[in-house]
Amino acid sequence: MMNNVMLAQLMKDLQDPEMLREAQKMMQSPAFQAKMKKMAESPQFQQSIKKTKEMAQDPEKMKEMAEKMQKRVEEGHKQLEML
């Protein structure tokens with residue numbers, strides 16, 4: 001599982017246009033696309049997607065998950081500031 005600092009850094013990086021351009025380049029790579037296709041076909045990934053879809057249908061679970069995620073991001077930002 002991703003730690004709070006990594007999560008906070010990811011959220012910060014998603015606001016950086018240069019990081020997004022680099023991510024877009026990476027995703028256009030045939031090797032990356034092949035790797036993602038293979039991952040998406042794996043039984044573990046399929047099971048994870050199924051669980052995520054089921055959870056997304058429950059508004060209470062979605063609210064709970066959003067609150068947990070927000071708390072983790074906030075904690076991660078605090079930890080990043082201390083580094």
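Trainee: Where is D16 found?
Mentor: This is a predicted model, where local features need pLDDT of at least 70, side-chain atom pairs count only at pLDDT 80 or more, and totals for chains, interfaces and linings use all residues. Residues are numbered from 1 along each chain as its sequence is written, and side-chain values use heavy atoms, with hydrogens and water left out. Helices (H or I, at least four residues) and strands (E, at least two) are DSSP runs, numbered from the N terminus. D16 lies between two such helices, in the loop between α1 and α2 (17-28).

Trainee: What is the relative accessible area of D16?
Mentor: Buried means under 20% relative accessible area, exposed over 50%, and partly exposed in between (1.4 Å probe, protein chains only). D16 counts as partly exposed because its relative accessible area is 30%.

Trainee: What separates the C-alpha atoms of D16 and M36?
Mentor: Along the chain, D16 and M36 are 20 residues apart. Their C-alpha atoms are separated by 23 Å.

Trainee: Is N4 buried or exposed?
Mentor: N4 also belongs to a helix, α1 (residues 4-13). Its relative accessible area is 15%, which means N4 is buried.

Trainee: Which residues is N4 in contact with, leaving aside neighbours within four places in sequence?
Mentor: Contact means heavy atoms within 4.5 Å. By that cut-off, the partners of N4 are R72, E75, G76 and Q79.

Trainee: What pattern does the chain follow?
Mentor: The chain has five helices and zero strands. Read along the sequence, the pattern is α-α-α-α-α.

Trainee: What is the radius of gyration of the chain?
Mentor: This value is taken over C-alpha atoms, and the globule rule is 2.2 Å times the number of residues to the power 0.38. For 83 residues the rule gives 12 Å; the chain is well over that, so it is more spread out than a compact globule, with a radius of gyration of 16 Å.

Trainee: How much of the chain is made up of buried residues?
Mentor: The C-alpha atoms fill a box of roughly 40 × 35 × 20 Å, taken along the principal axes. Of the 83 residues in the chain, the buried share is 7%.
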